[in-house]
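Colleague: I would like to learn how to read the features of a model, taking them slowly and in turn.

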Amino acid sequence: MPGRAPLPPRRVLLRGMAAAVLAALPGLSGAQASLPAGGAASLERSIKAAFLYKFLGYAEFPASAFADAAAPLVIGVAGADELAAELARIVAGRMVQGRQVVVRTLREQEAPAGVHLLFVGGDDPVRLRHALRALGAGPALVVTESQQGLQQGSVINFTIVDERVRFDVSLEAADRNSVKLSSRLLTVAYHVHKGAP
């Protein structure tokens with residue numbers, strides 16, 4: 001079309017929208033300063049890691065999810081080692097709801113026992129099914145980045161919409177996993193599914 005400017009490359013779009021995405025949840029904008037200046041994949045990974053950390057502040061776990069009052073909040077990461085390293089850097093020395101935050105990288109077929117937030121990276125339905133089966137019925141906030149993540153049982157699923165990192169939420173899965181999500185989190189979700197997605 002005459003007079004229409006060409007669209008900028010993906011990396012420029014992702015960098016340009018980083019502030020808006022990171023500011024979507026109150027208090028998340030502080031993570032922006034620590035984002036690397038690398039490529040689009042690195043920036044996307046950093047944004048997702050920052051969101052995972054912030055999700056903990058908007059999730060309420062039952063007391064039975066912790067061994068005692070001093071027990072940490074544990075984030076387990078499967079299938080995304082680089083994201084786990086970025087997340088460990090973000091949470092270092094930080095507390096959420098009066099608890100230390102610990103990141104655990106889960107190896108292939110490792111059970112996510114004792115995990116409060118489980119992130120399953122990639123779009124491998126077999127890995128996700130195994131992780132959910134191994135997780136069992138314990139209280140956990142399961143986050144994915146799979147096309148069918150919510151349909152397979154995750155509570156939150158990352159999606160890219162117009163070159164932006166967004167997320168969808170399944171309230172049914174949250175209830176099933178005994179996790180209460182803050183209404184403030186739901187207001188910034190791209191889609192909130194009350195029944196089966």
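Modeller: What follows is a walk through a helix, the nonpolar cores, the strands and a loop residue.

Modeller: This is a predicted model, in which local features need pLDDT of at least 70 and side-chain atom pairs count only at pLDDT 80 or more, while totals for chains, interfaces and linings use all residues. Residues are numbered from 1 along each chain as its sequence is written, and side-chain values use heavy atoms, with hydrogens and water left out.

Colleague: Let us begin with the helix α3; which of its residues are buried?

Modeller: As a general idea, an α-helix has 3.6 residues a turn, so residues three or four places apart point the same way. Helices (H or I, at least four residues) and strands (E, at least two) are DSSP runs, numbered from the N terminus, and buried means under 20% relative accessible area, exposed over 50% and partly exposed in between (1.4 Å probe, protein chains only). In α3 (81–91), the buried residues are Leu 83, Ala 84, Glu 86, Leu 87, Ile 90 and Val 91. Because these residues cover an arc of only 165 degrees around the axis, they lie on the same side of α3, the arc being that of the directions from the helix axis to the C-beta atoms. Glu 82 and Ala 85, on the other side of α3, are exposed.

Colleague: Against which elements do the buried residues of α3 pack?

Modeller: They pack against α2, β2, β4 and β5, and after the helix comes Gly 93, with a positive phi near 75 degrees.

Colleague: Which residues touch the most other members of the largest nonpolar core?

Modeller: In soluble globular proteins, nonpolar side chains tend to be buried together. A nonpolar core is a set of buried Ala, Val, Leu, Ile, Met, Phe, Trp, Tyr and Cys residues joined through side-chain atoms within 4.5 Å. Here the largest such core has 42 residues, and Phe 55 and Leu 141 touch the most other members. Among the elements that each supply at least two residues of this core are α2 (40–56), α3 and β6 (141–144), and α2 gives the most, with nine residues. A second, separate core of twelve residues includes Val 74, Ala 78, Leu 118 and Ala 140.

Colleague: How many bridges pair β5 and β6, and in what sense?

Modeller: Two strands pair if DSSP finds at least two bridges between them; β5 and β6 pair over four bridges in the parallel sense, with Thr 144 of β6 as the bridge partner of Val 120. Leu 141 and Val 143 point one way from β6, Val 142 and Thr 144 point the other way, and all are buried. On its other pairing, β6 runs parallel to β7 and is joined to that strand by two bridges, where Ile 156 of β7 is the bridge partner of Val 143.

Colleague: What joins β7 to β8?

Modeller: Six bridges join these strands, which run antiparallel, and in their hairpin, with two residues between the strands, Asp 162 takes a positive phi near 50 degrees. Because five of the seven residues of β8 are buried, this strand is largely enclosed by the rest of the structure.

Colleague: Finally, where is Glu 110 placed?

Modeller: Glu 110 is in the loop between β4 (99–106) and β5 (117–120), and is partly exposed, with a relative accessible area of 32%. Not counting residues up to four places away in sequence, Glu 110 touches Arg 104, Thr 105 and His 130, where contact means heavy atoms within 4.5 Å.
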